[in-house]
Amino acid sequence: MFRYIIRRLLISIPLLIVASFLCFGLVNAMGDPLGEWKLQKARTPAEIAAAYERTGYNKPFMERYVNWAGDFVTGDWGESVVPGNAGKPVKDELLKAFGVTLRLILGAELIALLLGIAVGVIGAVRQYSIFDYTATGISFAMFSMPLFCVALVLKAGGIELNNWLESIGADRWIITAGPPGDGFGGSFGQQVFQYSGAYILPTISLVVIQFALYSRFQRASMLETLNADYVRTAQAKGISEARSIFRHAFRNALIPIITVSSLNIGAGFGGAVITETVFSWSGMGKFIVEAITKIEPYQVLGFMMLTAVFIIVFNLIADILYAFLDPRIRLD
(Lines give C-alpha, C1' and ligand atoms only; values in the text may rest on other atoms or scores of the structure.)
Protein backbone atom coordinates (compact mmCIF):
# COMPACT_ATOMS: atom_id res chain seq x y z
CA MET A 1 0.00 0.00 0.00
CA PHE A 2 2.76 2.44 0.97
CA ARG A 3 4.66 1.73 -2.25
CA TYR A 4 1.48 2.29 -4.26
CA ILE A 5 0.81 5.67 -2.61
CA ILE A 6 4.42 6.79 -3.22
CA ARG A 7 4.21 5.65 -6.85
CA ARG A 8 0.96 7.54 -7.40
CA LEU A 9 2.38 10.66 -5.80
CA LEU A 10 5.42 10.47 -8.09
CA ILE A 11 3.14 10.04 -11.11
CA SER A 12 1.22 13.12 -9.98
CA ILE A 13 4.31 15.32 -10.31
CA PRO A 14 4.52 15.20 -14.15
CA LEU A 15 0.72 15.48 -14.29
CA LEU A 16 0.88 18.72 -12.31
CA ILE A 17 3.72 20.02 -14.49
CA VAL A 18 1.72 19.36 -17.66
CA ALA A 19 -1.41 20.84 -16.06
CA SER A 20 0.50 23.94 -14.98
CA PHE A 21 1.87 24.48 -18.49
CA LEU A 22 -1.57 24.07 -20.08
CA CYS A 23 -3.13 26.39 -17.49
CA PHE A 24 -0.45 29.00 -18.05
CA GLY A 25 -0.99 28.83 -21.81
CA LEU A 26 -4.77 29.16 -21.49
CA VAL A 27 -4.46 32.08 -19.07
CA ASN A 28 -1.99 33.75 -21.42
CA ALA A 29 -4.67 33.49 -24.13
CA MET A 30 -7.14 35.45 -21.96
CA GLY A 31 -5.73 38.66 -23.31
CA ASP A 32 -3.73 41.60 -22.10
CA PRO A 33 -4.44 42.32 -18.41
CA LEU A 34 -3.43 45.93 -18.99
CA GLY A 35 -5.58 46.37 -22.11
CA GLU A 36 -8.49 48.14 -20.40
CA TRP A 37 -6.11 50.26 -18.34
CA LYS A 38 -4.38 51.50 -21.51
CA LEU A 39 -7.72 52.50 -23.06
CA GLN A 40 -8.97 54.46 -20.05
CA LYS A 41 -6.87 57.47 -21.04
CA ALA A 42 -3.77 58.30 -23.03
CA ARG A 43 -0.66 56.63 -21.58
CA THR A 44 2.91 57.55 -22.32
CA PRO A 45 5.23 54.84 -23.65
CA ALA A 46 7.21 55.09 -20.41
CA GLU A 47 4.08 54.41 -18.29
CA ILE A 48 3.13 51.42 -20.43
CA ALA A 49 6.67 50.02 -20.34
CA ALA A 50 6.82 50.41 -16.55
CA ALA A 51 3.45 48.65 -16.14
CA TYR A 52 4.54 45.70 -18.28
CA GLU A 53 7.84 45.54 -16.37
CA ARG A 54 5.96 45.39 -13.08
CA THR A 55 3.62 42.60 -14.26
CA GLY A 56 6.37 40.65 -16.01
CA TYR A 57 4.50 40.68 -19.32
CA ASN A 58 7.49 42.22 -21.09
CA LYS A 59 9.26 38.82 -20.98
CA PRO A 60 8.90 35.86 -23.37
CA PHE A 61 6.26 33.22 -22.67
CA MET A 62 8.61 30.43 -21.54
CA GLU A 63 10.62 32.72 -19.28
CA ARG A 64 7.44 33.94 -17.61
CA TYR A 65 6.22 30.35 -17.17
CA VAL A 66 9.48 29.16 -15.59
CA ASN A 67 9.58 32.16 -13.24
CA TRP A 68 5.94 31.72 -12.21
CA ALA A 69 6.23 27.94 -11.72
CA GLY A 70 9.36 28.30 -9.58
CA ASP A 71 7.73 30.97 -7.41
CA PHE A 72 4.51 28.96 -7.13
CA VAL A 73 6.33 25.88 -5.80
CA THR A 74 8.09 27.99 -3.16
CA GLY A 75 4.80 29.51 -1.97
CA ASP A 76 4.81 32.79 -3.90
CA TRP A 77 1.64 32.62 -5.99
CA GLY A 78 2.06 36.10 -7.42
CA GLU A 79 0.12 39.32 -7.00
CA SER A 80 -2.80 41.00 -8.69
CA VAL A 81 -1.55 43.06 -11.63
CA VAL A 82 -4.44 45.17 -12.92
CA PRO A 83 -3.88 48.85 -11.97
CA GLY A 84 -6.25 49.91 -9.22
CA ASN A 85 -6.25 46.37 -7.84
CA ALA A 86 -2.52 45.67 -8.09
CA GLY A 87 -0.23 44.43 -5.34
CA LYS A 88 -2.64 42.11 -3.50
CA PRO A 89 -1.08 38.69 -2.72
CA VAL A 90 -2.94 35.98 -4.63
CA LYS A 91 -2.22 33.26 -2.05
CA ASP A 92 -3.84 35.10 0.86
CA GLU A 93 -7.04 35.93 -1.01
CA LEU A 94 -7.30 32.50 -2.63
CA LEU A 95 -6.83 30.53 0.59
CA LYS A 96 -9.38 32.73 2.35
CA ALA A 97 -11.92 32.00 -0.40
CA PHE A 98 -10.96 28.32 -0.33
CA GLY A 99 -11.69 28.12 3.41
CA VAL A 100 -15.21 29.45 2.83
CA THR A 101 -15.91 26.95 0.04
CA LEU A 102 -14.34 24.08 2.00
CA ARG A 103 -16.80 24.44 4.87
CA LEU A 104 -19.72 24.53 2.47
CA ILE A 105 -18.69 21.75 0.08
CA LEU A 106 -17.61 19.13 2.64
CA GLY A 107 -20.87 19.18 4.56
CA ALA A 108 -23.06 19.22 1.45
CA GLU A 109 -21.15 16.43 -0.29
CA LEU A 110 -21.15 14.21 2.81
CA ILE A 111 -24.91 14.57 3.29
CA ALA A 112 -25.61 14.02 -0.42
CA LEU A 113 -23.32 10.97 -0.53
CA LEU A 114 -24.84 9.27 2.52
CA LEU A 115 -28.42 9.95 1.43
CA GLY A 116 -27.72 8.95 -2.16
CA ILE A 117 -26.09 5.66 -1.18
CA ALA A 118 -28.87 4.76 1.26
CA VAL A 119 -31.68 5.59 -1.18
CA GLY A 120 -29.89 3.88 -4.08
CA VAL A 121 -29.32 0.65 -2.16
CA ILE A 122 -32.87 0.47 -0.84
CA GLY A 123 -34.26 1.24 -4.30
CA ALA A 124 -32.19 -1.56 -5.86
CA VAL A 125 -33.04 -4.14 -3.17
CA ARG A 126 -36.74 -3.21 -3.31
CA GLN A 127 -36.85 -2.71 -7.07
CA TYR A 128 -40.20 -1.55 -8.49
CA SER A 129 -41.59 -0.93 -5.02
CA ILE A 130 -43.43 2.25 -4.03
CA PHE A 131 -40.22 3.50 -2.41
CA ASP A 132 -38.25 2.85 -5.61
CA TYR A 133 -40.77 4.65 -7.82
CA THR A 134 -40.95 7.58 -5.40
CA ALA A 135 -37.17 7.91 -5.14
CA THR A 136 -36.79 7.67 -8.90
CA GLY A 137 -39.41 10.36 -9.47
CA ILE A 138 -37.82 12.70 -6.95
CA SER A 139 -34.36 12.13 -8.43
CA PHE A 140 -35.52 12.90 -11.97
CA ALA A 141 -37.35 16.00 -10.74
CA MET A 142 -34.18 17.22 -9.04
CA PHE A 143 -32.14 16.51 -12.17
CA SER A 144 -34.55 18.55 -14.29
CA MET A 145 -34.33 21.66 -12.08
CA PRO A 146 -31.48 24.10 -12.81
CA LEU A 147 -29.33 24.80 -9.75
CA PHE A 148 -29.94 28.55 -9.87
CA CYS A 149 -33.70 27.88 -9.81
CA VAL A 150 -33.37 25.70 -6.71
CA ALA A 151 -31.19 28.30 -5.00
CA LEU A 152 -33.54 31.19 -5.78
CA VAL A 153 -36.62 29.26 -4.60
CA LEU A 154 -34.84 28.35 -1.35
CA LYS A 155 -33.72 31.94 -0.82
CA ALA A 156 -37.25 33.24 -1.34
CA GLY A 157 -38.57 30.59 1.05
CA GLY A 158 -35.95 31.56 3.63
CA ILE A 159 -37.03 35.20 3.48
CA GLU A 160 -40.67 34.23 3.97
CA LEU A 161 -39.71 32.00 6.91
CA ASN A 162 -37.85 34.89 8.54
CA ASN A 163 -40.88 37.14 8.09
CA TRP A 164 -43.11 34.52 9.71
CA LEU A 165 -40.70 34.08 12.62
CA GLU A 166 -40.71 37.83 13.21
CA SER A 167 -44.52 37.90 13.09
CA ILE A 168 -44.72 35.47 16.02
CA GLY A 169 -42.08 37.37 18.00
CA ALA A 170 -39.09 35.08 17.29
CA ASP A 171 -35.67 36.05 15.94
CA ARG A 172 -34.82 35.85 12.27
CA TRP A 173 -33.06 32.54 11.59
CA ILE A 174 -32.15 32.18 7.93
CA ILE A 175 -29.14 34.18 6.69
CA THR A 176 -29.50 34.74 2.95
CA ALA A 177 -26.44 36.97 2.39
CA GLY A 178 -23.55 34.75 3.40
CA PRO A 179 -22.04 34.06 6.84
CA PRO A 180 -20.97 37.11 8.88
CA GLY A 181 -17.44 38.26 8.12
CA ASP A 182 -16.50 38.48 11.81
CA GLY A 183 -17.75 34.97 12.59
CA PHE A 184 -20.46 33.79 14.95
CA GLY A 185 -20.73 35.15 18.49
CA GLY A 186 -22.63 34.58 21.70
CA SER A 187 -23.22 31.37 23.65
CA PHE A 188 -22.84 27.89 22.18
CA GLY A 189 -26.57 27.66 21.51
CA GLN A 190 -26.61 31.07 19.81
CA GLN A 191 -23.65 30.08 17.63
CA VAL A 192 -25.39 26.86 16.58
CA PHE A 193 -28.49 28.92 15.75
CA GLN A 194 -26.47 31.37 13.63
CA TYR A 195 -24.35 28.67 11.99
CA SER A 196 -27.35 26.58 10.96
CA GLY A 197 -29.15 29.66 9.64
CA ALA A 198 -26.18 30.61 7.46
CA TYR A 199 -25.43 27.15 6.06
CA ILE A 200 -28.80 25.45 5.69
CA LEU A 201 -29.98 26.99 2.39
CA PRO A 202 -26.74 26.77 0.34
CA THR A 203 -26.18 23.27 1.69
CA ILE A 204 -29.65 22.12 0.64
CA SER A 205 -29.23 23.65 -2.83
CA LEU A 206 -25.98 21.68 -3.33
CA VAL A 207 -27.34 18.48 -1.78
CA VAL A 208 -30.42 18.41 -4.02
CA ILE A 209 -28.53 17.96 -7.30
CA GLN A 210 -25.74 15.76 -5.93
CA PHE A 211 -28.18 13.50 -4.10
CA ALA A 212 -30.07 12.83 -7.34
CA LEU A 213 -26.81 11.93 -9.10
CA TYR A 214 -25.48 9.65 -6.35
CA SER A 215 -28.77 7.83 -5.78
CA ARG A 216 -29.15 6.97 -9.47
CA PHE A 217 -25.54 5.78 -9.79
CA GLN A 218 -25.80 3.71 -6.62
CA ARG A 219 -29.08 2.12 -7.65
CA ALA A 220 -27.75 1.15 -11.09
CA SER A 221 -24.50 -0.22 -9.65
CA MET A 222 -26.32 -2.15 -6.92
CA LEU A 223 -28.74 -3.72 -9.41
CA GLU A 224 -25.85 -4.86 -11.59
CA THR A 225 -24.02 -6.34 -8.62
CA LEU A 226 -27.10 -8.10 -7.22
CA ASN A 227 -27.53 -9.88 -10.56
CA ALA A 228 -23.86 -10.96 -10.67
CA ASP A 229 -23.17 -14.71 -10.63
CA TYR A 230 -21.23 -14.71 -7.37
CA VAL A 231 -24.07 -13.00 -5.48
CA ARG A 232 -26.69 -15.36 -6.87
CA THR A 233 -24.43 -18.33 -6.08
CA ALA A 234 -24.04 -17.11 -2.50
CA GLN A 235 -27.81 -16.83 -2.14
CA ALA A 236 -28.27 -20.30 -3.66
CA LYS A 237 -25.93 -21.73 -1.01
CA GLY A 238 -28.26 -20.50 1.71
CA ILE A 239 -26.57 -17.26 2.77
CA SER A 240 -29.12 -14.85 4.19
CA GLU A 241 -30.35 -11.98 2.05
CA ALA A 242 -28.91 -9.35 4.40
CA ARG A 243 -25.46 -10.97 4.39
CA SER A 244 -25.38 -11.44 0.62
CA ILE A 245 -26.39 -7.80 0.13
CA PHE A 246 -24.08 -6.07 2.59
CA ARG A 247 -21.12 -8.46 2.66
CA HIS A 248 -20.91 -9.35 -1.04
CA ALA A 249 -22.92 -6.91 -3.15
CA PHE A 250 -22.77 -3.60 -1.31
CA ARG A 251 -18.99 -3.28 -1.13
CA ASN A 252 -18.47 -3.90 -4.84
CA ALA A 253 -21.40 -1.67 -5.76
CA LEU A 254 -19.69 1.23 -3.98
CA ILE A 255 -16.79 1.36 -6.46
CA PRO A 256 -18.59 3.40 -9.19
CA ILE A 257 -20.01 5.82 -6.63
CA ILE A 258 -16.55 6.30 -5.12
CA THR A 259 -15.27 7.24 -8.58
CA VAL A 260 -18.06 9.74 -9.21
CA SER A 261 -17.91 11.28 -5.73
CA SER A 262 -14.11 11.70 -5.82
CA LEU A 263 -14.38 13.64 -9.08
CA ASN A 264 -17.31 15.69 -7.78
CA ILE A 265 -15.72 16.57 -4.46
CA GLY A 266 -12.38 17.41 -6.05
CA ALA A 267 -13.98 19.64 -8.67
CA GLY A 268 -16.37 21.05 -6.07
CA PHE A 269 -13.47 22.79 -4.36
CA GLY A 270 -13.23 24.86 -7.52
CA GLY A 271 -16.28 26.63 -6.22
CA ALA A 272 -20.04 26.28 -6.45
CA VAL A 273 -20.29 29.45 -8.52
CA ILE A 274 -24.09 29.66 -8.76
CA THR A 275 -24.76 28.81 -5.13
CA GLU A 276 -22.15 31.22 -3.82
CA THR A 277 -23.44 33.98 -6.10
CA VAL A 278 -27.09 33.57 -5.09
CA PHE A 279 -26.32 33.43 -1.37
CA SER A 280 -23.50 36.04 -1.48
CA TRP A 281 -20.74 33.75 -0.27
CA SER A 282 -17.19 35.03 -0.81
CA GLY A 283 -15.79 31.64 -1.80
CA MET A 284 -13.91 30.14 -4.72
CA GLY A 285 -16.80 30.71 -7.12
CA LYS A 286 -16.91 34.46 -6.51
CA PHE A 287 -13.10 34.58 -6.55
CA ILE A 288 -12.75 33.05 -10.04
CA VAL A 289 -15.61 35.10 -11.52
CA GLU A 290 -14.02 38.34 -10.36
CA ALA A 291 -10.55 37.20 -11.46
CA ILE A 292 -11.77 36.41 -14.98
CA THR A 293 -13.78 39.64 -15.20
CA LYS A 294 -10.75 41.73 -14.24
CA ILE A 295 -8.37 39.54 -16.31
CA GLU A 296 -6.14 38.84 -13.31
CA PRO A 297 -3.80 36.13 -14.69
CA TYR A 298 -2.12 35.06 -11.46
CA GLN A 299 -5.40 34.78 -9.58
CA VAL A 300 -6.83 32.56 -12.32
CA LEU A 301 -3.64 30.46 -12.33
CA GLY A 302 -3.75 30.01 -8.57
CA PHE A 303 -7.40 28.93 -8.75
CA MET A 304 -6.75 26.41 -11.54
CA MET A 305 -3.68 24.89 -9.86
CA LEU A 306 -5.38 24.56 -6.46
CA THR A 307 -8.33 22.84 -8.14
CA ALA A 308 -6.00 20.51 -10.08
CA VAL A 309 -4.19 19.50 -6.87
CA PHE A 310 -7.43 18.57 -5.11
CA ILE A 311 -8.74 16.60 -8.08
CA ILE A 312 -5.53 14.55 -8.11
CA VAL A 313 -5.63 14.08 -4.32
CA PHE A 314 -9.23 12.84 -4.31
CA ASN A 315 -8.54 10.51 -7.22
CA LEU A 316 -5.67 9.04 -5.19
CA ILE A 317 -8.02 8.58 -2.21
CA ALA A 318 -10.52 6.84 -4.51
CA ASP A 319 -7.86 4.42 -5.80
CA ILE A 320 -6.88 3.51 -2.24
CA LEU A 321 -10.52 2.92 -1.29
CA TYR A 322 -10.91 0.55 -4.24
CA ALA A 323 -8.46 -1.87 -2.61
CA PHE A 324 -10.43 -1.90 0.65
CA LEU A 325 -13.73 -2.43 -1.14
CA ASP A 326 -12.53 -5.13 -3.55
CA PRO A 327 -9.48 -7.25 -2.59
CA ARG A 328 -9.22 -8.41 -6.21
CA ILE A 329 -7.86 -4.99 -7.12
CA ARG A 330 -4.09 -5.23 -6.80
CA LEU A 331 -2.22 -2.09 -5.83
CA ASP A 332 1.35 -3.42 -5.99
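Glu166 and Arg172 form a salt bridge in this predicted model. Their closest N and O atoms are 3.2 Å apart. Glu166 counts as partly exposed because its relative accessibility is 44%. Arg172 is also partly exposed, with a relative accessible area of 40%. Side chains of opposite charge can pair when their charged atoms come close.

The count of salt bridges comes to three. One of them joins Asp32 to Lys38. Here the closest N and O atoms are 3.2 Å apart. Asp32 has 28% relative accessibility, so it counts as partly exposed. Lys38 has 28% relative accessibility and therefore counts as partly exposed.

Another salt bridge pairs Asp132 with Arg219. The closest N and O atoms of Asp132 and Arg219 are 2.8 Å apart. Asp132 sits in helix α6, residues 130-144, and Arg219 in helix α8, residues 188-226, so the pair ties together parts that are 87 residues apart in sequence. Both Asp132 and Arg219 are buried. The cut-off for buried is under 20% relative accessible area.

Leu9 has 41% relative accessibility, so it counts as partly exposed. A patch residue needs over 30% relative accessible area, and the value for Leu9 is 41%.

How values were computed:
Residues numbered from 1 in each chain as written. Predicted model: local features only at pLDDT ≥ 70, side-chain atom pairs only at ≥ 80, totals over all residues. Heavy atoms only, no water. Buried < 20%, exposed > 50% of the residue type's maximum accessible area, 1.4 Å probe, protein only. Salt bridge = Lys/Arg side-chain N within 4 Å of Asp/Glu carboxyl O. Helix = DSSP H or I, 4+ residues; strand = E, 2+ residues; numbered from the N terminus.
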